[in-house]
Amino acid sequence: MKNRLFRAVTDYPVWVVTLTLLLVFAAAAGAPNLVFKSDYRVFFSEENPQLTAFEAMQRVYNKSDNVSFVIAPEDGNVFTPEHLAAVQKLTTEAWQIPYSTRVDSITNFQHTWAEEDDMIVEDLVLEPETLTDEDMPRIRQVATSEPLLVGKLVSPEGHVNVVNVTVQLPGVNPVTEVPEVTAKVREIKAQFEAANPDSKVYLSGVVMMNNSFAESSLTDNATLVPLMFGVVLLGMIIMLRTFSGTFATVLIIIFSIVSTMGIVGWAGFFLTGPSASAPTMILTLAVADCVHILTTMFYEMRQGVEKRKAIIDSLKINFQPILLTSVTTAIGFLSMNFSDSPPFRDLGNMVAIGVMLAFVFSVTVFPALLMILPVKIKPRPEGKRDLMHKLSDFVIANRRKLLPGMSVVMLTLVAFLPQNKLNDDFVKYFDTSVPFRQATDFMQDNLSGMTNVEISIDSGESSGINSPQFLKVMGDFSSWLRAQPETDHLNTLSDTIKRLNKNMHADDESYYKLPEDRELSAQYLLLYEMSLPYGLDLNDQLNVDKSSTRMIVTLRNMTSKEMVAVENRIYQWFEANAPQLTVHVASPNLMFAHIGQRNIQSMLIGTTVALILISVLLGIALRSVRYGFISLLPNLAPAAMGFGLWYMIDGYVGLALSIVAGMTLGIVVDDTVHFLSKYLYARNKRGASSEEAVSYAFASVGRALWITTLVLVAGFMVLAQSSFKVNADMGLLTAITILIALVVDFLFLPPLLMKLDNHVSAKKGDRNEVVN
């Protein structure tokens, strides 16, 4: 069957190429169906408990997705008539942002005070055009002493302020909604900066984060994929010195990528930050099959074999190893289906499809292209030994030193693996060149972080929030939470009720406390709510029957481990002080904080399943349980060593890195399979000794292994330049792991094979016959 296939592709190359083009065009027709979803919720499966809790809270209270205009006047003073007038105008214009439901700023803050027996509720800055310098001390004093403002909408020093726009995206067409909001926000920012050149505006918030996911990925695809094509072209021309082979390889890459993206488009996939890196990965992996076929073909042609026979011989020799490595690579990526994060499942499925398509193209249309294109190879001069011969001589001569030496190096690196910390900081998912990251860092340094935690406290009874007992718990908890070192700001209803109590007692500061009468508290709230303008009501803090309230605490930007610790302390406080109340803690930040740990646990299962499947396949393919077990060590060691080295580079393992072990497992098997298959071929078919078999493996496949490794490392290093840190870290650690795999397979596996096989004596044929 295989021989008929090989003869067909070499006898009818034009028909093979034509049929392939038709199939590729048919598949590619599905690519326009692919759309990019930028909502951070795509990172979480529907059964994710943190997402479920957050969405349940958003159904009770108003949604909290937002855009923050962070405004920094050059003179460092927010409280000037000119700046406040500009802020008031921006506050008004922000209502024009699509899907906006609320706009909060220092100018429209609902300031309350007493006037004889009346309570006045109005904007803090009512008529900005009439403001004078004499009005500034009063406005500054109110703004910088009001707990609802200071640290959230204005800095304590009064040098930075925020206009915060709450946005409720319908979710009907998420592909267009976020870009629509972003476009209007940027338009308003540009107008503000043009009218106020002495002020700088930064854009932060959840909506801008969502948009950054899409923009970073699209920018990467526009830059990294062409860059990777350039790296592959340059690398193959330099290392293989063949234009025809390089051209044919590039076509296989294009066919693989286009077909994959078309097929997943037909299947209803959508693109996200992680899955958008699939073309770069497919591009990199598709090269390996072609390089193996080319190097074996060149090896044969250098021995004087004519082109057609060299192609067929190369296909015969490489078909099983390429099939096996393609299947194991696909299994490694398919193990990502155990991930708790859907985008990584999609990435795994897309790359697995691409790898298998690359295999099909490499054994059909690739040899057909080689038959059509002119390929000239000069025969190698008799007796000339290349780098691989020299490396095999070195390894054989130093095998007794390399085996223990490499064992020590491997064990040392693996020993550092447990030192890595499971942590994530979702703001740092973006490189510092990304405007959203710059804005969020600026806001953290000058005002408060973007890390929000929402806390819903349920009294269990209608109007229960007015109960003196409930109010006391809320007040005590608010004081405790503000005292936590991580807290930047707290938005709590208890502050509003304290202020109203003071207002209703002629602004007597001694009454700035929670009332002890239920009816009094209810009357205060009713009077206040009736005085509030549209869009500034208390629906973001109260449910319909006033049985529960929501606090929003803003924390400094922190890692996932620190955030989970804060969450646990909140629950512990209520268990100790108010066990009768029902409390829920949720937020997007908490969702990201938990998913890294959940992903590692799920990927451990996936990697184990992949390891078992790959081990069974290797045992069957190598027809030896013994060599199947031997192969496990060089297959498992690279990922463990890579994570050990990662401790020295970064030391933190987050959402992206939790899938690297399973992903690289299938890739690093490639080197081991190709080396072992050539070793066993020499041992079983040519009657070689273990030393001679090692020399043959180096001579026949060594060049292909280091070329494919360099291409793979270059490809993933290109991905490591991504402005989306999830992809960048994944690319860097994968490149490190692949490079380590080559070192292990060149310097550890051969001495191990010779050590285990040293009892087998050399059979007929001298070394030169085996090698040459």
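Start with Ile 237. Its relative accessibility is 39%, so Ile 237 counts as partly exposed. Keep in mind that this is a predicted model. Ile 237 sits in helix α7. Together with Leu 233, Phe 243 and Phe 247, Ile 237 makes a nonpolar surface patch of about 390 Å². Two helices, α7 (206–240) and α8 (243–266), each supply at least two residues of that patch.

Now the charges. Side chains of opposite charge can pair when their charged atoms come close. How many salt bridges does a search of the whole structure find? The search finds 20.

Pair one: Glu 146 and Arg 499, at 3.2 Å from N to O. Glu 146 is in the loop between α5 (136–145) and β5 (161–167), and Arg 499 is in helix α17, so the bridge ties together parts 353 residues apart in sequence. Buried or exposed? Glu 146 is buried, at 6% relative accessibility. Arg 499 is buried too, at 5%.

Pair two: Glu 461 and Arg 518, with the closest N and O atoms 3.4 Å apart. The loop between β8 (451–458) and α16 (468–482) holds Glu 461, and helix α18 holds Arg 518, so this pair ties together parts 57 residues apart. Glu 461 is partly exposed, at 38%. Arg 518 is partly exposed, at 29%.

Arg 482 is partly exposed at 34%, while Asp 495 is buried at 2%.

One last item. Arg 41, Glu 55 and Asp 65 are joined in a salt-bridge network.

Note on methods. Residues numbered from 1 in each chain as written. Predicted model: local features only at pLDDT ≥ 70, side-chain atom pairs only at ≥ 80, totals over all residues. Heavy atoms only, no water. Patch = residues over 30% accessible without salt bridge, like charges linked within 9 Å, V, L, I, M, F, W, Y side chains within 5 Å. Areas by Shrake-Rupley, 256 points an atom, 1.4 Å probe, with all protein chains shown as cover. Salt bridge = Lys/Arg side-chain N within 4 Å of Asp/Glu carboxyl O. Helix = DSSP H or I, 4+ residues; strand = E, 2+ residues; numbered from the N terminus. Buried < 20%, exposed > 50% of the residue type's maximum accessible area, 1.4 Å probe, protein only.
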